[in-house]
Amino acid sequence: VTRHGGKVNASTSQEATKYYFEVAAGSLEPTLDRFAGFFRAPLFTESATDREVHAVDSENKLKLQNDSRRLYQLIKHLSNPAHPFHKFGSGNLQTLKTTPALLGLDLRASLLRFYSQHYSARRMTLCVVGREPVETLLRWSREKFEGVPDHPFPGGLDLKLD
């Protein structure tokens, strides 16, 4: 992506994870194909997983002194301990590497399990903006993302929208 004048990033909130990229005009189709590959068949290699754990840890450290983040964490801390909102809402080396290792948990296996349970085409939204005609963008989107797994919702709830 960077070789084509672009950038890539992601963000996670309480409700969703967003992945996005920008790329120079003329490089959209091949970049879109590589981007779609992350959702069709993610590798979750050990080295990439470790790099991401360290990136999350760094981001968490940068935000420790952010007043709005600290207030949000206080609200979480004061919430009902039995509710999922109460849990630590970010990640660091302790929560993502040290503790799982001490418990004998395989982080990569956990990521793959999470992917297979929660990453489903019916739960995703795709937005593509480019200078190409909308028909071309739509065709590329269908071609590139048609292989994204489409798992039913847990508990048999099926809300697939066409």
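A residue is called buried when its relative accessible area is under 20%, exposed when that area is over 50%, and partly exposed in between, with a 1.4 Å probe and protein chains only. By this criterion, buried residues make up 20% of the 162 residues in the protein. The structure is a predicted model, in which local features need pLDDT of at least 70 and side-chain atom pairs count only at pLDDT 80 or more, whereas totals for chains, interfaces and linings use all residues. Residues are numbered from 1 along each chain as its sequence is written, and side-chain values use heavy atoms, with hydrogens and water left out.

**Overall architecture**

The protein contains 6 helices and 2 strands, arranged along the sequence as β-β-α-α-α-α-α-α. Helices (H or I, at least four residues) and strands (E, at least two) are DSSP runs, numbered from the N terminus. Along the principal axes, the C-alpha atoms fill a box of roughly 50 × 40 × 30 Å. Contact here means heavy atoms within 4.5 Å. Of the contacts between residues at least 6 apart in sequence, 58% join residues at least 24 apart.

**The nonpolar core**

In soluble globular proteins, nonpolar side chains tend to be buried together. A nonpolar core is defined as a set of buried Ala, Val, Leu, Ile, Met, Phe, Trp, Tyr and Cys residues joined through side-chain atoms within 4.5 Å. The largest such core in this model has 13 residues, and those with the most contacts inside it are Phe21, Leu28, Leu32, Phe35, Phe39, Trp140 and Phe145. Helices α1 (28-40) and α6 (134-145) each supply at least two of its residues; the largest share, 5 residues, comes from α1. Leaving aside residues up to four places away in sequence, Trp140 touches Leu28, Glu29, Leu32 and Glu132.

Leu28 also takes part in a contact with Val129, a residue that touches Leu28 and Leu137 when residues up to four places away in sequence are not counted. Val129 is placed in the loop between α5 and α6. Val129 and Leu28 are 101 residues apart in sequence, with their C-alpha atoms 9.2 Å apart in space.

**Individual residues and their surroundings**

| Residue | Relative accessibility | Class |
|---|---|---|
| Lys76 | 2% | buried |
| Asp57 | 7% | buried |
| Phe44 | 24% | partly exposed |
| Gly89 | 48% | partly exposed |
| Val129 | 71% | exposed |

Lys76 belongs to helix α3. Beyond four places in sequence, Lys76 touches Gln14, Phe85, His86, Lys87, Phe88 and Gly89. The C-alpha atoms of Lys76 and Phe88, 12 residues apart along the chain, are separated by 7.9 Å. Gly89 itself is in the loop between α3 (67-78) and α4 and, neighbours within four places aside, is in contact with Gln73 and Lys76. Between Gly89 and Gln73, 16 residues apart along the chain, the C-alpha separation is 7.9 Å.

Asp57 is found in helix α2 (residues 46-62). Its contacts, residues up to four places away in sequence not counted, are Gly91, Asn92 and Leu93. The side chain of Asp57 reaches the backbone nitrogen of Leu93 at 3.0 Å. At the start of helix α4 (residues 93-102), a side-chain oxygen of Asn92 reaches to within 2.9 Å of the backbone nitrogen of Gln94. Both are pairs to be read against the definition of a polar contact, namely N or O atoms within 3.5 Å; within protein, one atom must be able to donate a hydrogen and the other to accept it, and residues adjacent in sequence count only if both atoms are side-chain atoms.

Two residues have a positive phi. Just after α4, Gly104 takes a value of about 75°. Phe44, which is not a glycine, has a positive phi of about 45° and lies in the loop between α1 and α2. Most residues other than glycine have a negative phi.

**The second largest pocket**

The second largest pocket has a volume of about 160 Å³. A pocket is found on a 1 Å grid over the protein atoms alone, as an open set of points where a 1.4 Å probe fits, with protein on both sides within 12 Å along at least five of seven lines; lining residues have an atom within 4 Å of a point. Grid points are joined across faces, edges and corners, and the volume is the space filled by probe spheres set on them. The lining includes Glu46, Asp50, Leu96, Lys97, Leu107 and Arg108. Helices α2, α4 and α5 (107-118) each give two or more residues to this lining.
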